[in-house]
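Please look over the sequence and structure before reading the points below.

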Amino acid sequence: MFAKIMPDVMSIMLLVGLSLSVFTPSFLSSVIGEQSGWIGVVTSTIIGSIALIPSFIVFPLGDTLVENGAGLPQVAAFMSSLMAVGIFTLPLERKTFGNSFAYARNAAAIFMCLLFSLLIWVVMV
């Protein structure tokens, strides 16, 4: 079973590496700064949805973004979508769990990321 999914896992790792080199923290901070409002939240959710990245990478990246001027709601949406939503991993998810489950899980994850961002906005800002 591991040998069957290895090509998909390797392609995901390659795409994650490429996305991290394209979306640098300084670029992301300029797009999702404190003044970007809901457009920044939606943009950060879309950017974060591209790759599924583990938390030990996401938390330091989030700290770097906040230090570079990104807003807390935007970073909350970005970090939660990075860990919960995976567009690059969708083909593997569809193959493993089926279409309906994969799409439903990603849609629910996007909804929860936006809800989490709203909660951070209300409480922290």
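A crossing of two helices is called right-handed if the near helix is turned clockwise from the far one by less than a right angle, and left-handed if the turn is anticlockwise. By that rule, H6 and H7 cross in a right-handed way. The model is predicted, and the points below are grouped by topic.

**Helix packing**

- Two packed helices are described by the angle between their axes and the distance between the axes.
- Helix H6 and helix H7 have axes 7 Å apart and pack at an angle of about 135 degrees.
- The crossing in which H3 passes H5 is right-handed.
- H5 packs with H7 as well, at an angle of about 155 degrees and with the axes 8 Å apart.
- Because angles over 145 degrees count as roughly antiparallel, H5 is roughly antiparallel to H7.
- H5 and H7 form a right-handed crossing.

**Charge pairing**

- Side chains of opposite charge can pair when their charged atoms come close.
- The count of salt bridges in the model is one.
- Glu93 and Arg105 form a salt bridge, with 2.6 Å between the closest N and O atoms.
- Glu93 belongs to helix H6 (residues 90–97) and Arg105 to helix H7, so the pair ties together parts that are 12 residues apart in sequence.
- Glu93 has a relative accessible area of 9% and is buried, under the 20% cut-off for that class.
- Arg105 is partly exposed, at 27% relative accessibility.

**Nonpolar surface patch**

- Helix H7 (residues 99–124) gives the most to the nonpolar patch, contributing nine residues.
- Leu115 is located in helix H7.
- Leu115 has 41% relative accessibility and therefore counts as partly exposed, since that class lies between 20% and 50%.

**Ala102 and its distances**

- Which helix holds Ala102? Ala102 is in helix H7.
- Is Ala102 buried or exposed? At 0% relative accessibility, Ala102 is buried.
- Ala102 and Leu92 are 10 residues apart along the chain, and their C-alpha atoms are separated by 9.2 Å.
- Met1 and Ala102 are 101 residues apart in sequence, with a C-alpha to C-alpha separation of 19 Å in space.
- Met1 sits in the segment before helix H1 (2–22).
- With 82% relative accessibility, Met1 counts as exposed, because the class begins over 50%.

Conventions:
Residues numbered from 1 in each chain as written. Predicted model: local features only at pLDDT ≥ 70, side-chain atom pairs only at ≥ 80, totals over all residues. Heavy atoms only, no water. Helix = DSSP H or I, 4+ residues; strand = E, 2+ residues; numbered from the N terminus. Buried < 20%, exposed > 50% of the residue type's maximum accessible area, 1.4 Å probe, protein only. Axes fitted to C-alpha atoms, helices over the stretch in contact; angles between N-to-C directions. Parallel < 35°, antiparallel > 145°, perpendicular 65-115°, else oblique. Salt bridge = Lys/Arg side-chain N within 4 Å of Asp/Glu carboxyl O.
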